[in-house]
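Here is a short briefing on one protein model and its ligands. Please look over the structure first.

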Amino acid sequence: MAKMYYNGDANEAYFNGKRVAVVGYGSQGHAHAQNLRDSGVEVVIGLRQGKSWEKAEQDGFEVKTVAEAVAAADVVMILLPDERQTAVYKNEIEPQLSGQALMFAHGFNVHFNQIVPPESCDVLLVAPKGPGHLVRRTYQEGAGVPALFAIHQDVTGTARELALAYAKAIGALRAGALETTFKEETETDLFGEQAVLCGGLTSLVKAGFETLVEAGYQPELAYFETMHELKLIVDLMYEGGLEGMRYSISDTAQWGDFVSGPRVVNDQVKEEMRRVLTDIQEGTFAKGWIAENENNRPVFNSINEKENRHQIEEVGRELRKMMPFVNKQKQREVAASAKN
Ligand SMILES: NC(=O)C1=CN([C@@H]2O[C@H](COP(=O)(O)OP(=O)(O)OC[C@H]3O[C@@H](n4cnc5c(N)ncnc54)[C@H](OP(=O)(O)O)[C@@H]3O)[C@@H](O)[C@H]2O)C=CC1
Ligand SMILES: CC[C@](O)(C(C)=O)C(=O)O
Ligand SMILES: [Mg+2]
Ligand SMILES: [Mg+2]
């Protein structure tokens with residue numbers, strides 16, 4: 001088994017007298033910043049003027065331009081969208097580097113040579129294996145999201161100590177962290193989100209929904225069957241693996257799982273997964289995504305618009321209005337803004 005790192009493996013005192021610049025205040029940015037602060041770390045936020053700037057100030061942070069925040073910090077965590085990082089790094093971060101440690105939550109730009117940091121600084125990643133909003137929510141619940149860490153450059157000899165202290169401060173060491181490389185983190189993260197967690201799952205859900213609706217079944221029923229109940233089933237897998245989930249379902253469902261599951265996700269699907277992985281490993285996916293952004297995302301935007309109009313989304317929006325309890329985060333945000 002891989003060596004796992006937990007809270008006891010981190011140096012409590014690492015951040016004493018040090019300041020972390022969190023650049024970006026989106027999904028990961030707000031979660032890292034707030035968890036770090038709640039763990040006693042001094043944080044400054046780096047942003048451009050706009051929505052996030054206002055939000056970070058409302059949340060009580062000191063907010064500066066990216067260049068000012070980087071200049072004022074000992075550790076710089078880059079939590080901008082991957083496709084924006086290269087330009088911001090070149091124009092606003094690199095000119096301010098004078099020995100700060102440079103951190104990422106995903107290795108995309110370093111691994112695919114879009115960002116080449118100077119040899120004089122530590123370069124590492126701490127990549128939570130979960131969405132930012134859950135990084136924050138689980139921390140507040142006393143739990144955490146596991147993370148990977150990797151060291152790309154260790155000039156000071158303290159990069160691993162920083163990685164572990166940072167992972168602890170965002171709550172990741174409550175769940176466990178393991179060491180990897182930028183290459184392994186980047187390739188597996190891209191594969192996971194494309195083939196299973198995001199791409200594979202959304203395609204599976206839509207195909208199931210469409211199959212039922214095209215066969216004449218009610219769309220609302222199909223939504224409950226293929227989307228709503230998915231969370232309840234996945235929660236059981238999260239808690240107890242496949243066996244834990246199968247303990248709760250009927251034997252009829254388990255028999256259907258055994259005989260029909262492999263008919264749906266068959267050898268052909270696995271063969272396609274291997275091709276997806278090859279595209280990632282060879283850089284074909286990265287090249288396409290970089291070009292799509294250089295062209296202002298024509299394909300991304302048109303698919304996104306079509307997806308948001310899919311029948312499962314329209315039906316789901318209506319049904320969720322009657323189930324406010326399914327969106328606890330939204331409830332908390334509404335309650336907080338009502339207080340302000
Ligand atoms: N989303 C996730 O849960 C996960 C993400 N990661 C990685 O974390 C990193 C951040 O991703 P994510 O949190 O999704 O990013 P988001 O898309 O949520 O980040 C958006 C933030 O970046 C700011 N921003 C965008 N452009 C600029 C700019 N030019 N100058 C200054 N600020 C800017 C936005 O500010 P504004 O409001 O002004 O637009 C906003 O605060 C990525 O490397 C990603 O791969 C890793 C694990 C999971
Ligand atoms: C699964 C998508 C992810 O990799 C993540 C939340 O971990 C991402 O890039 O957002
Ligand atoms: Mg991921
Ligand atoms: Mg990812």
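**Ligand 1**

Around ligand 1 there are 24 residues, and G26, Q28, G50, S52 and H106 come nearest. A residue counts as near a molecule or strand if its C-beta atom, placed from the backbone, lies within 6 Å of it. This is a predicted model: local features need pLDDT of at least 70, side-chain atom pairs count only at pLDDT 80 or more, and totals for chains, interfaces and linings use all residues. Residues are numbered from 1 along each chain as its sequence is written, while chains are lettered from A and ligands numbered from 1 in the order in which they are written.

- Two or more residues of the ligand 1 shell come from each of α1 (27-38), α2 (51-58), α4 (82-93) and β6 (123-128). Helices (H or I, at least four residues) and strands (E, at least two) are DSSP runs, numbered from the N terminus.
- The ligand 1 shell splits into 11 nonpolar, 9 polar and 4 charged residues. Ala, Val, Leu, Ile, Met, Phe, Trp, Tyr, Cys and Pro count as nonpolar, Asp, Glu, Lys and Arg as charged, and the others, Gly among them, as polar.

**Domains**

- The chain divides into domain 1 (7-180) and domain 2 (192-339), with bounds from an automatic or database domain assignment.
- Their C-alpha centres lie 29 Å apart.
- Each domain gives 5 residues to the contact, where two residues touch if their C-beta atoms, placed from the backbone, lie within 7 Å.
- On the domain 1 side, the contact has 2 nonpolar, 1 polar and 2 charged residues.

**Helices α8 and α9**

- The axes of α8 (residues 182-197) and α9 (residues 199-214) come within 3 Å and cross at roughly 10°.
- Therefore α8 is roughly parallel to α9, a label for angles under 35 degrees.
- E193, Q194, A195, V196 and L197 of α8 meet G199, G200 and L201 of α9.
- This contact comprises 4 nonpolar, 3 polar and 1 charged residues.

Technical notes:
Axes fitted to C-alpha atoms, helices over the stretch in contact; angles between N-to-C directions. Parallel < 35°, antiparallel > 145°, perpendicular 65-115°, else oblique.
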